[in-house]
Amino acid sequence: MNFHCKIFILSNVLWLTAALRTDDWPPQMIIDHFADTLPQVRLCQDEYNIDARTLIEFEESSDLNNLPNDRSLKCYMLCTYKAFKLIVPESTKLQVVELFGTISNLDYDARTIYLKMTSGCSKIRSKDLCEAVYIMNVCMKKNYNSHYYLVDGSDFWFQRVKSNTSHNTNVTLVTETASTIET
């Protein structure tokens, strides 16, 4: 009986994972915008010795009062925010221009999700930048946990970039072929 119960719990965890990262979420436009920084994210993961388990636990946890909060996780988050240019240098403020510049091109529903998620999270005060970014992430999880995600060095992100690049390459090739035929 315990065996069946464990399988049921595992299948629910896997379902939640799929709900957070799908073909449609995060939006492809966000992935494309930050695609060039994905190698830096992997370097952040190595630099702060963050394992996938810690990132998954933070990302998927619904117990917002008992999130992983070790120093390496906090500084990993700061490292990724710096890679994405989402932090005003030497500040704890979000780089609103960069963030909203990207979000403004999304459809209404996706924009609304990001705005709800980040609402009130950029006014955090802390002398410790690692702590400040961690608190911002906890704030975003509390605001909209069902759509919260961490960008990590996993293959999920690289595959989403690759699949979109392959699609765009095919479109270009078809266009070039059509142009050649018309000539």
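A residue counts as buried when its relative accessible area is under 20%, as exposed when it is over 50%, and as partly exposed in between. In this predicted model, Gln40 has a relative accessible area of 38%, so Gln40 is partly exposed. Gln40 belongs to helix H3, which covers residues 38–47. Thr80 stands 40 residues away from Gln40 along the chain, yet their C-alpha atoms are separated by 7.6 Å.

The aromatic rings come next. A pair of aromatic rings is described by the distance of the centres and the angle of the planes. The model holds seven aromatic pairs. One of them joins Phe58 and Tyr148, with 5.9 Å from centre to centre and 65 degrees between the planes. Planes over 60 degrees apart count as edge-to-face, so this is the class of the pair Phe58 and Tyr148. Phe58 is part of helix H4 (residues 52–60), while Tyr148 is in the loop between helix H8 (129–144) and helix H9 (155–182); the pair therefore ties together parts that are 90 residues apart in sequence. Both Phe58 and Tyr148 are buried.

Elsewhere, one aromatic cluster is formed by Trp25, Tyr114, Tyr149, Phe156 and Trp157.

Which charged ends sit over the rings of Tyr134 and Phe58? The table gives the lysine for each ring.

| Charged end | Ring | Distance from ring centre |
|---|---|---|
| Lys74 | Tyr134 | 5.0 Å |
| Lys141 | Phe58 | 5.6 Å |

Notes. Residues numbered from 1 in each chain as written. Predicted model: local features only at pLDDT ≥ 70, side-chain atom pairs only at ≥ 80, totals over all residues. Heavy atoms only, no water. Phe/Tyr/Trp six-rings, centres within 6.5 Å; stacked < 30°, edge-to-face > 60°. Helix = DSSP H or I, 4+ residues; strand = E, 2+ residues; numbered from the N terminus. Buried < 20%, exposed > 50% of the residue type's maximum accessible area, 1.4 Å probe, protein only. Lys NZ or Arg CZ within 6 Å of the ring centre and 35° of its normal.
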